[in-house]
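The points treat charged pairs, aromatic pairs, the nonpolar core and backbone geometry in turn.

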Amino acid sequence: MPTNKIPPFNPLDKTNLGESVAKAVLQQPVGPLPPIEPFSGAGVYAIYYEGDFSLYRELSERNRDGKYQWPIYVGKAVPAGARKGGYGLGADPGQALFKRLAEHATSIEHAKNLILNDFRCRFLVVDDIWIPLAESLLIEMFSPLWNRKIDGFGNHDPGRGRYNQQRSQWDTIHPGRPWADNLQALSSEEHMVREAAVEYLARTKVKITIKEDYREGK
């Protein structure tokens, strides 16, 4: 009769190491978006919403009163070498992480129906090699709405020669970024995007609740 093989725990397995980085991100204090003081480094971050925009009610309820249990967006900022197709290992990251958070703050400020003070963030400066893995694990852990369902928050101006592209779902729901007005209207109607987001949040809320209950030993 064959014997079941149980793989031994390997603390140096890349997934286990990535999870340790993801947990370290979640242990960081939550502060304003963008952070008040500029800083050097690349890394990973989570953005939380706690305002009154009706579509995001489920998220706000999880993040108010200092709980911050469900990020609306998770992202990374890597050194310039990594963005150009290399690994960026050992490259000077400059203020990559701070600048990325500042870019997100500007996007939110431009949106006509969002208030920057309703957003908070936590972040962690991380060695280059662990940044993509930690980001992926956090996205898998929380299924953030702006990562998985309403796309486009992290987009940049594509440039004048590419304004024939469609406007993103994010820019359709949150109009205001000057360059997004030059893009073509989204083929899906706004109410369809909103309905899909509501369904997604209701479905994902169950997964988040189960994970929170597990962490708290319920």
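1. In this predicted model, the side chains of E50 and R120 form a salt bridge, with an N to O distance of 3.7 Å. Distant parts of the chain are linked by this pair, the two residues being 70 residues apart. E50 belongs to the loop between strand 2 (43-49) and helix 2 (57-63), whereas R120 is part of strand 4 (residues 119-125). R120 has a relative accessibility of 25% and therefore counts as partly exposed.

2. D52 is placed in the loop between strand 2 and helix 2, and R64 in the loop between helix 2 and strand 3 (73-77), so the pair ties together parts twelve residues apart in sequence.

3. The salt bridge between E135 and K76 has its closest N and O atoms 3.1 Å apart. Because E135 lies in helix 5 and K76 in strand 3, this pair ties together parts that are 59 residues apart in sequence. Is E135 buried or exposed? Its relative accessibility is 12%, and since buried means under 20%, E135 counts as buried. K76, in contrast, is partly exposed, with a relative accessible area of 32%.

4. Aromatic pairs number 13 in the model. F39 and F123 form one that is stacked, with a distance of 4.7 Å centre to centre and an angle of 5° between the planes. F39 sits in the loop between strand 1 (31-32) and strand 2, and F123 sits in strand 4, so the contact ties together parts that are 84 residues apart in sequence. The relative accessible area of F39 is 17%, which means that F39 is buried; that of F123 is 24%, which means that F123 is partly exposed.

5. The rings of Y48 and Y68 make an edge-to-face pair, at 5.6 Å centre to centre with 70° between the planes. Since Y48 is in strand 2 and Y68 in the loop between helix 2 and strand 3, the pair ties together parts that are 20 residues apart in sequence. Y48 counts as buried at 1% relative accessibility, and Y68 is buried as well, with a relative accessible area of 15%.

6. Which residues do ring pairs link into a cluster? The members are Y45, Y49, F53, Y56, Y73, F119, W146, F153 and W170. Among them, Y56 and W146 also stand with I72 and L145 as the residues with the most contacts inside the largest nonpolar core.

7. That largest nonpolar core has 55 residues. Helix 5 (residues 131-142) supplies the largest share of this core, namely seven residues. Leaving aside residues up to four places away in sequence, Y56 touches Y49, I72, L114, L145, W146, I150, I173 and H174. In soluble globular proteins, nonpolar side chains tend to be buried together.

8. The peptide bond from L33 to P34 is cis, with omega near -5°, and P34 is situated in the loop between strand 1 and strand 2. Most residues other than glycine have a negative phi, and most peptide bonds are trans.

9. Where does Y68 lie? Its place is in the loop between helix 2 and strand 3, and its phi is near 45°, a positive value in a residue other than glycine. Y68 thus joins this backbone feature to its part in the edge-to-face pair with Y48.

10. S143 likewise has a positive phi, near 45°, although S143 is not glycine. S143 is located in the loop between helix 5 and helix 6 (145-148). With a relative accessibility of 3%, S143 counts as buried.

Technical notes:
Residues numbered from 1 in each chain as written. Predicted model: local features only at pLDDT ≥ 70, side-chain atom pairs only at ≥ 80, totals over all residues. Heavy atoms only, no water. Core = buried A, V, L, I, M, F, W, Y, C linked by side-chain atoms within 4.5 Å. Buried < 20%, exposed > 50% of the residue type's maximum accessible area, 1.4 Å probe, protein only. Helix = DSSP H or I, 4+ residues; strand = E, 2+ residues; numbered from the N terminus. Contact = heavy atoms within 4.5 Å. Salt bridge = Lys/Arg side-chain N within 4 Å of Asp/Glu carboxyl O. Phe/Tyr/Trp six-rings, centres within 6.5 Å; stacked < 30°, edge-to-face > 60°.
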